Amino acid sequence: MEKRIALEKRGRADDQIVELILDNCRSTSIEGLTDGFTALEVLSLINVGLVSLKSFPKLPNLRKLELSDNRISNGLNHLTGSPKLTHLNLSGNRIKEFEELKPLKEFENLEVLDLFNNEITSTEEYRDKIFELIPSLKYLDGFDKDDAEAPSDEEDGGAEEEDEDEVSLDDSDSYYDDIENDISLAEVYSENLEEDGSDWAAEYSEEGDDIDEPTDEDEEDGEGGEADGEDAEGEGEAAAEKAVSDGEDGAADPRGKKRKHDGNDG
C-alpha cells in the first residue's frame, strides 16, 4: 500500500492530495496513510483485503470513503477522526451485528451509507434501526426511508449544472433571436431579389415592346425587292441570249459577203 500511495502522489506533498484511489492494492491493514493528508476529500480502498481499520488516520476534510469488498467486521470507531464524512460504502464486508455499527452515530453529516451484501442486512427491522441510529442519513443501500431510489452520480452532477444551464438559456434565447433575425433578413433579401427580378423582367418586356416588328409594308418591300432581283436576272439572261444571237449573225455575214464577192469575181 505504501508504494501505491507514493505512486498516486506523483511527487506532491501529502497536504496537497485531494483524491486518492488505492483500489486493489493488497493489504490487510492501513499502511502509509497518515494524518498529513489534511486536504484529502475522497479515499477509495476497494478490494484491498482490509481486515482492520485500526491504523486509519484522522482526515478532517474526508467526505467520501469507499471500503467495499474487504473483510471488515468491526472497528468502525477508528473512522470518527473524519467528522465531515457524508458518503460511506461498506458493502461486501463481514458486518453481522447491529452493535458494530453504533460508532456511525457520531457522523452528524453522514447522508449515504451502503451495507449491501453484509449479513446484518438480513436482520429484523434492519433499515428502521439504521435510520434511527443515524438521523442525518438520507439513503441506505441505495434507497431512502420511503424506498425511493437514490439518484445516480451522473444525475447529481446534472443537478449541480442546472444553474449553469439556466444561465446559458439566456444566452441561447439571444442566440435564437439572432437566428430569427438572420432568417427574417434572409427573407427580406430574397423578396428584394424577387422584386428586382420582376422589375427587370418588366423593363425587359417594355424594351421588347419598343423593338420594331416587321410591318406589312416592309414585307411588301421585301417581296418587291425579290421581284426586282428576278427582273434584273431575266434582263441579264435576255441580254446574254441577244449577244449570242448577234455573234451568230456576225459570223454569217462575212460568209455571205465572201460568197457575194466571189460571185462578183465570176
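The dialogue below moves from the overall layout to helices, core, loops and rings.

User: What kind of model is this, and which conventions apply?

Analyst: This is a predicted model, in which local features need pLDDT of at least 70 and side-chain atom pairs count only at pLDDT 80 or more, while totals for chains, interfaces and linings use all residues. Residues are numbered from 1 along each chain as its sequence is written, and side-chain values use heavy atoms, with hydrogens and water left out.

User: How many helices and strands does the protein chain have?

Analyst: Helices (H or I, at least four residues) and strands (E, at least two) are DSSP runs, numbered from the N terminus. The protein chain has five helices and six strands, and their order along the sequence is α-β-β-β-β-β-α-β-α-α-α.

User: What share of the residues in the protein chain is buried?

Analyst: Buried means under 20% relative accessible area, exposed over 50%, and partly exposed in between (1.4 Å probe, protein chains only). Of the 266 residues in the protein chain, 24% are buried. The accessible surface of the protein chain is about 18300 Å², with 45% of it belonging to carbon and sulfur atoms; such areas come from the Shrake-Rupley method with a 1.4 Å probe, and for residues only the protein chains shown count as cover.

User: What share of the contacts joins residues 24 or more positions apart?

Analyst: Contact means heavy atoms within 4.5 Å. Among contacts in the protein chain with a separation of 6 or more, 36% are between residues 24 or more positions apart.

User: Which residues of helix α1 are buried, and which are exposed on the face turned away?

Analyst: Helix α1 (residues 2-9) has I5, E8 and K9 buried. Their arc around the axis is only 100 degrees, which puts them on the same side of α1. K3, A6 and L7 are the exposed residues on the face turned away from that buried side. The buried residues of α1 pack against β1 (19-21).

User: How many residues does the largest nonpolar core have?

Analyst: In soluble globular proteins, nonpolar side chains tend to be buried together. A nonpolar core is a set of buried Ala, Val, Leu, Ile, Met, Phe, Trp, Tyr and Cys residues joined through side-chain atoms within 4.5 Å. The largest one here has 41 residues, and L43, L67 and L88 have the most contacts inside it. Helix α2 gives the most to this core, with four residues. Not counting residues up to four places away in sequence, L88 touches several residues, including L65, L67, L104 and V112.

User: Is L53 buried or exposed?

Analyst: L53 is buried, with a relative accessible area of 0%, and lies in the loop between β2 (42-44) and β3 (64-66). Beyond four places in sequence, L53 touches L67, I72, G75, L76, H78 and L79. L53 and I72 are 19 residues apart in sequence, with their C-alpha atoms 7.7 Å apart in space.

User: How should I read phi, and what value does D69 take?

Analyst: Most residues other than glycine have a negative phi, and most peptide bonds are trans. D69 has a positive phi near 60 degrees; D69 is in the loop between β3 and β4 (87-89) and is partly exposed, with a relative accessible area of 42%. E125, in the loop between β5 and α2, has a positive phi near 55 degrees.

User: Which charged end sits over the ring of F98?

Analyst: A charge sits over a ring if NZ of Lys or CZ of Arg is within 6 Å of the ring centre and within 35 degrees of the ring normal. The charged end of K129 sits over the ring of F98, 5.9 Å from its centre.

Terms used:
Arc of directions from axis to C-beta.
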